[in-house]
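Here are a few notes to read alongside the model, in the order I would look at things.

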Amino acid sequence: MRQWLLALACALTLTMPARAETPWTLVKAYPHDPAAFTEGLFYLDGALYESTGLEGQSEIRKVALKTGKVEQRRVVEQPYFGEGIVNWGGKLVSLTWRHRQGFVWKLDDFSPLSTFRYEGEGWGLTQDARSIIMSDGSAQLRFLDPETLTEQRRITVTWNGRAVDRLNELEWVRGEIWANIWYDTKIARIDPRSGGVIDWIDVAPLRKQAGVTDSEAVANGIAYDARTDRVFITGKNWPKLFEIRVGK
């Protein structure tokens with residue numbers, strides 16, 4: 001994703017013990033566009049919504065779950081590098097990586113509504129029905145007012161008292177914040193009150209099953225269907241999206 005940071009990211013892999021003890025089972029695999037450099041993902045009303053990155057290749061998409069077919073798309077024009085997305089009401093909110101520029105779109109047709117600004121980088125988004133939650137590549141998560149998109153507060157994510165940085169794509173699951181860790185196959189289950197990591201989910205077997213070998217094809221994409229308790233996992237340029245059942 002960001003090749004100039006690869007060496008640094010490899011050097012900053014989690015040094016604290018991070019046993020992934022949350023059990024999960026694979027339910028099904030679905031087609032996924034291998035050209036999609038996935039940055040954001042969520043599930044809503046039977047469809048997946050996905051954002052892709054890279055300058056000149058960034059899009060917001062509505063995707064059919066079973067076929068992987070792109071049913072609707074919106075190009076994010078250059079020079080922007082598209083990042084995380086989240087729904088709020090009848091709107092879709094999206095970030096860009098280094099331009100400090102966010103966009104608000106109509107959810108039903110992806111037509112533009114407004115823009116907003118933020119400090120630092122934009123990485124992932126999710127929401128807890130009260131606030132929009134944003135990652136910026138650090139160990140901090142920002143909570144934004146969903147109407148004004150201004151910052152309300154922050155938490156620092158920690159494991160055994162040490163900060164966990166490189167928080168990437170986010171999803172709200174069963175009252176927890178789940179986060180991909182850039183260049184890691186572990187997903188952090190985060191307490192939204194304290195920022196402490198409750199446990200880890202290791203999706204390394206899914207990356208292997210996806211058949212990707214490029215270092216940039218990292219796990220990045222978590223979507224949750226709360227009605228049926230289904231979790232969907234994918235990654236950058238993965239040809240598959242996986243449905244898994246995760247233990248509590």
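1. Let's begin at the hairpin of S16 and S17, where two residues separate the strands and Arg-174 takes a positive phi near 50°. Please keep in mind here, as throughout, that this is a predicted model. The two strands, S16 (residues 167–173) and S17 (residues 176–181), run antiparallel and are paired over five bridges. Within this pairing, Trp-172 has Ile-177 of S17 as its bridge partner. Strand S16 is largely enclosed by the rest of the structure, because six of its seven residues are buried.

2. Which residues have the most contacts inside the largest nonpolar core? They are Trp-178, Ile-187, Val-203, Leu-206, Val-231, Ile-233 and Trp-238, in a core of 18 residues. At least two residues of this core come from each of helix H2 (204–210), strand S20 (219–225), strand S21 (230–235) and strand S22 (240–246). Another core lies apart from it, with 16 residues that include Phe-143, Ile-155, Trp-159 and Val-164.

3. As a general point, nonpolar side chains in soluble globular proteins tend to be buried together.

4. Strands S20, S21 and S22 also belong to an open sheet of four strands, ordered S1-S22-S21-S20 with antiparallel pairing. Strand S1 (24–31) and S20 are the edge strands; each has a single partner strand, so one side of each is left without a neighbour in the sheet. On average, neighbouring strands in this sheet are turned by 25° against each other, direction ignored. S20 and S21 are joined by five bridges, and Tyr-224 stands opposite Val-231 in S21.

5. A further open sheet has four strands in the order S10-S11-S12-S13, again with antiparallel pairing. Its edges are strand S10 (125–127) and strand S13 (151–156), and each has a single partner strand, so one side of each lacks a neighbour in the sheet. From one strand to the next, the twist averages 25°. Inside the sheet, S11 (residues 132–135) and S12 (residues 140–144) are held in antiparallel pairing by four bridges, with Arg-142 of S12 as the bridge partner of Met-134.

6. Now for the rings: there are 12 aromatic pairs in the structure. One of them joins Tyr-49 and Phe-110 edge-to-face, at 6.3 Å centre to centre and with 70° between the planes. Tyr-49 lies in strand S3 (residues 47–52) and Phe-110 in the loop between S8 and S9, so this pair ties together parts that are 61 residues apart in sequence. Both Tyr-49 and Phe-110 are buried.

7. Are Trp-123 and Trp-182 buried or exposed? Both are buried. Their ring centres are 5.6 Å apart and their planes stand at 85°, so this pair is edge-to-face. Trp-123 is in the loop between S9 and S10, while Trp-182 is in the loop between S17 and strand S18 (186–190), 59 residues apart.

8. Tyr-30, Tyr-43 and Phe-232 make up one aromatic cluster. Arg-98 has its charged end over the ring of Trp-97, 5.0 Å from the centre. Arg-153 lies over the face of Phe-143, with 3.8 Å to the ring centre.

Note on methods: Residues are numbered from 1 along each chain as its sequence is written. This is a predicted model: local features need pLDDT of at least 70, side-chain atom pairs count only at pLDDT 80 or more; totals for chains, interfaces and linings use all residues. Side-chain values use heavy atoms; hydrogens and water are left out. Buried means under 20% relative accessible area, exposed over 50%, partly exposed in between (1.4 Å probe, protein chains only). Two strands pair if DSSP finds at least two bridges between them. A nonpolar core is a set of buried Ala, Val, Leu, Ile, Met, Phe, Trp, Tyr and Cys residues joined through side-chain atoms within 4.5 Å. Axes are lines fitted to C-alpha atoms, for helices over the stretch in contact, and angles run from 0 to 180 degrees between N-to-C directions. Rings of Phe, Tyr and Trp (its six-membered ring) pair if their centres lie within 6.5 Å; planes under 30 degrees apart count as stacked, over 60 as edge-to-face and the rest as tilted. A charge sits over a ring if NZ of Lys or CZ of Arg is within 6 Å of the ring centre and within 35 degrees of the ring normal.
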